[in-house]
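Please keep the sequence and the model in view while reading.

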Protein chains: 2
Amino acid sequence: MHYPKGVKIAQTKDVNYGNRGMNLENDLNETNTYYLLHDIAVIHKKPTPITIKKVDYKSRNDAIIKEARFKIPSTTDYNGIYKGKYIDFEAKETKNKTSFPLSNIHKHQIEHLKSIIRHGGIAFLIVRFIFYNKTYYLDAKDFLLFIENNERKSIPYDFFEEKGYIITEKYNPRIDYIKIIDRIYFKEVL
Amino acid sequence: MHYPKGVKIAQTKDVNYGNRGMNLENDLNETNTYYLLHDIAVIHKKPTPITIKKVDYKSRNDAIIKEARFKIPSTTDYNGIYKGKYIDFEAKETKNKTSFPLSNIHKHQIEHLKSIIRHGGIAFLIVRFIFYNKTYYLDAKDFLLFIENNERKSIPYDFFEEKGYIITEKYNPRIDYIKIIDRIYFKEVL
């Protein structure tokens, strides 16, 4: 089962569940809801991009999509605003123990991250290594420096330990990545 | 045919086309592409939110959605970054001649616009009156002032003429709303 990232499958008998690898997304959704409810930041996951091919209209408000396909996303999955700054990130999980495969990030997503930095936004990756159950914030500037200076098809785990910021899981908010943004961009004493 | 806003229907025999009322969206997509290519701003339309109920997996990279439903969006359709500022807006067309029906904007979209302003972002509506073929930029601050001070179910056309900024259509970019943002937020001489 290879569900495109972020696809939520509603409960029907016809569906196998794609829960594996969706925990980071659930954690981030809960975190973003926490930020929203506490008026800390307004950050949402974008819906999964699809191309609709067939729609049945039973009535004005009752349309059922009968055929659609997943599209490759041209941007990252999450964006929003924090302390007046534009926030943009991609979140990925990997089962890999030694490195993060770059096949996880599409070429146009890399271009997108570059544009965001050029225009003055805050961009980063959140990467969870499932085997170690460790979640890292990696600033897009460090990520881009790595891929510009390496021919490798993956980023070694060591690089995350060296350049990344570990996000300790808490009860609420689960993945408090705003704390890392504060440390890097707002120089607040934590 | 009432397609939820922003739904693109690919060409198949089973589909009736929802082209009517989609011109503003096409104009904005072209405009945003222009901004992107000229490195002026990074603004994208969010995908249409859906709930997926059934998926067929022919192979790893060949999944077909067999049943899905449209969801009510909880945010606006467009967001991004311009000159370091977070940009957020909703775009709507109306056939109405005398006013813009407030049923076009969902309650949680209004809450979303309020949050964006509170967090220091630039938020607005782009409204096209099809009958007059006129497109207005209405700043979210003016929009919110109106709905907080009126019991009406629609905003009179006069209000757009008074408080809004008309966006003259050009060849490229079609709907140059950044020009209005410059005038209001960056006090540049145009």
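In strand β5 of chain A, A:Lys85 is the bridge partner of A:Tyr82, where strands (E, at least two residues) and helices (H or I, at least four) are DSSP runs numbered from the N terminus. This is a predicted model, in which local features need pLDDT of at least 70 and side-chain atom pairs count only at pLDDT 80 or more, while totals for chains, interfaces and linings use all residues. Residues are numbered from 1 along each chain as its sequence is written, and chains are lettered from A and ligands numbered from 1 in the order in which they are written.

**Strand β4 of chain A and its partners**

- The A:Tyr82 to A:Lys85 pair belongs to an antiparallel pairing in which 5 bridges join β4(A) to strand β5 (residues 85-94) of chain A; two strands are said to pair if DSSP finds at least two bridges between them.
- The hairpin of β4(A) and β5(A) has 2 residues between the strands, and A:Lys83 takes a positive phi near 45° there.
- Strand β1 (residues 42-45) of chain A also runs antiparallel to β4(A), joined to it by 4 bridges, and A:Lys45 has A:Tyr78 as its bridge partner in β4(A).
- Strand β4(A), residues 78-82, is largely enclosed by the rest of the structure, because 5 of its 5 residues are buried; a residue counts as buried if 20 or more other C-beta atoms lie within 10 Å of its own, as exposed if 12 or fewer do, and as partly exposed in between, with C-beta atoms placed from the backbone.
- In a regular strand the side chains alternate between the two faces of the sheet.
- Both faces of β4(A) are covered, with A:Tyr78, A:Gly80 and A:Tyr82 buried on one side and A:Asn79 and A:Ile81 buried on the other.

- Chain A has 5 helices and 10 strands, and buried residues make up 36% of its 190 residues.
- Among contacts in chain A with a separation of 6 or more, 59% are between residues 24 or more positions apart; two residues are in contact if their C-beta atoms, placed from the backbone, lie within 7 Å.
- The largest nonpolar core has 68 residues, and those with the most contacts inside it are A:Phe124, A:Ile126, B:Phe124 and B:Ile126; such a core is a set of buried Ala, Val, Leu, Ile, Met, Phe, Trp, Tyr and Cys residues joined through C-beta atoms within 7 Å.
- A second, separate core of 14 residues includes A:Ile65, B:Ile50, B:Ala63 and B:Ile65.
- Leaving aside residues up to four places away in sequence, A:Ile126 touches A:Phe89, A:Ala91, A:Thr135, A:Tyr137, A:Ile175 and A:Tyr177.

**A sheet with strands from both chains**

- An open sheet of 4 strands, with antiparallel pairing, has the order β2(A)-β3(A)-β3(B)-β2(B).
- β2 (50-59) of chain A and β2 (50-59) of chain B stand at the edges, each with a single partner strand, so one side of each is left without a neighbour in the sheet.
- Within chain B, β2(B) and strand β3 (residues 62-70) pair in the antiparallel sense over 8 bridges, and B:Val55 stands opposite B:Ile65 in β3(B).

- B:Glu25, B:Leu28, B:Thr31 and B:Asn32 are buried in α1(B).
- Seen down the axis of α1(B), its buried residues line one face of the helix, because they fall within an arc of 125°, the arc being that of the directions from the helix axis to the C-beta atoms.
- B:Asn26 and B:Leu37 are exposed on the other side of α1(B), while the elements covering its buried residues include β1 (42-45) and β5 (85-94) of chain B.
- B:Asp27, also in helix α1 of chain B, counts as partly exposed because it has 19 C-beta neighbours inside 10 Å, and B:Asp27 touches B:Arg174 and B:Ile175, not counting residues up to four places away in sequence.
- In helix α5 (residues 177-186) of chain B, the residues B:Tyr177, B:Ile178, B:Ile180 and B:Ile181 are buried.
- The buried residues of α5(B) fall within an arc of 150° seen down its axis, so they line one face of the helix.
- What covers the buried residues of α5(B) includes α1, β4 (78-82), β7 (122-129), β8 (134-139) and β10 (165-166) of chain B.
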